[in-house]
Amino acid sequence: MEKKLRVGILGATGMVGQRFISLLENHPWYEVVTVAASARSAGKTYEEAVGENWKMDTPMPEEVKKLVVKNVTQVDEVAADVDFVFSAVNMSKDEIKAVEEEYARAEVPVVSNNSAHRWTPDVPMVVPEINPEHFDVIEFQKKRLGTKRGFIAVKPNCSIQSYAPVLTAWKEFEPYEVVATTYQAISGAGKTFKDWPEMVGNIIPYIGGEEEKSEQEPLRIWGKIEDGVIVKAEEPVITCQCIRVPVLNGHTAAVFVKFRKKPSKEQLIEKIRSFKGIPQELNLPSAPKQFMQYLEEDNRPQVTEDVDYEKGMGVSVGRLREDTVYDYKFVGLSHNTVRGAAGGAVLCAELLTAKGYIEAK
């Protein structure tokens, strides 16, 4: 790419916004030129607005420290300087829907980490290795919005990344019933242990809204475009429990599966290891070389050992074995703020750029 595309981060001061900032440092295609947040932060430099709340392991990039934070609701002002935006705003669902649509109508493509538009019928919700064809619905969305280049695309919930790719790799064996329990890191709530000391040594068996997302969002990913909207798949039926655990980064899932066509363990492992998608074929900048790894050791995957597999963009799978009630069970692990949030959105943007949906003004 001759000239880098100009990127804005909406909700730049929060944890996912910070993750966008850190992932986009030295990105070969994109340059962060605008940061936007609430009116409370507007007018301050990014460094002043974040203050002591920088939550990444790596230092704040020098090139963003002196950027003056804009008010995220001043759409025209933000839109004037950017080719597209990433959205990680912390607002009510209705407010997020409204502001993201306002940016799209201002002819700014929006790649969102938020859940607000995940069930808007003509908004694609994409894991690039799984359902890139859903980006085709953007043309129908543009007609509804009356835009030429503005649209909204979203990535799915972080909790499903540790098992939906695995089930996708096994599609030919027709999984039809799934039980999943997710053990979710505190960064999924935008927290560190400093922010949330009561999570040390603790487990909370409830995460608001998470179980419905974990059960339903995979079905939308596996759905089809019909008459300009995405219609979700009917199977597999998924039931899920979501538990908050004292881990900083990394969502783990324990999963049980029934198949219509009974595969061997060897076949299932081979499908995991060989699975790839368009990001790997195009060698997109953020794409993992190998999307999923299978680990033979009985005590893997582990957060401390495996959460950063493929720089946090890969999925680790282990403990696959036959079950006495279901056909098979396994454990999956993914990085919730990289693959599951900002990194997944960056990969979506890269594929949208490669497909010509995002380009310089």
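Strand 7 (residues 175-184) runs parallel to strand 10, and the two pair over 8 bridges. This is a predicted model. Both strands belong to an open sheet of 6 strands with mixed pairing, in the order 10-7-11-14-13-12.

- Strand 10 (237-244) and strand 12 (292-295) form the edges. Each has a single partner strand, so one side of each lacks a neighbour in the sheet.
- Neighbouring strands are turned by 20 degrees against each other on average, ignoring direction.
- Within the pairing of strand 7 and strand 10, V178 sits opposite I238 of strand 10.

**Helices on the sheet**

- Helix 8 (residues 210-221) packs on the sheet and touches strand 7 and strand 10. The direction of helix 8 makes about 145 degrees with that of strand 10.
- Helix 9 (residues 265-274) lies across strand 11 (251-259), strand 12, strand 13 (315-322) and strand 14 (328-334). Helix 9 runs at about 145 degrees to strand 12.

**K155**

- K155 sits in the loop between strand 6 (152-154) and helix 7 (164-169).
- K155 is buried but has no salt bridge. The nearest side chain of opposite charge is E217, 6.9 Å away. A salt bridge needs a side-chain nitrogen within 4 Å of a carboxyl oxygen.
- The K155 side chain reaches the backbone oxygen of G340 at 2.9 Å.
- Leaving aside residues up to four places away in sequence, K155 touches S112, N113, R118, M125, V126, Q161, G340, A341, G344, A345 and C348.

- Most peptide bonds are trans, and most residues other than glycine have a negative phi.
- P236 lies in the loop between strand 9 (229-231) and strand 10.
- P301 is in the loop between strand 12 and helix 11 (303-306).

- D227 lies in the loop between strand 8 (224-226) and strand 9. D227 is exposed, at 82% relative accessible area.
- K311 is in the loop between helix 11 and strand 13. K311 is exposed, with a relative accessible area of 76%.

Conventions. Residues are numbered from 1 along each chain as its sequence is written. This is a predicted model: local features need pLDDT of at least 70, side-chain atom pairs count only at pLDDT 80 or more; totals for chains, interfaces and linings use all residues. Side-chain values use heavy atoms; hydrogens and water are left out. Helices (H or I, at least four residues) and strands (E, at least two) are DSSP runs, numbered from the N terminus. Buried means under 20% relative accessible area, exposed over 50%, partly exposed in between (1.4 Å probe, protein chains only). Lys and Arg count as positive and Asp and Glu as negative; His and the chain ends are not counted. A polar contact is a pair of N or O atoms within 3.5 Å; within protein, one must be able to donate a hydrogen and the other to accept it, and residues adjacent in sequence count only if both atoms are side-chain atoms. Contact means heavy atoms within 4.5 Å. Two strands pair if DSSP finds at least two bridges between them. Axes are lines fitted to C-alpha atoms, for helices over the stretch in contact, and angles run from 0 to 180 degrees between N-to-C directions.
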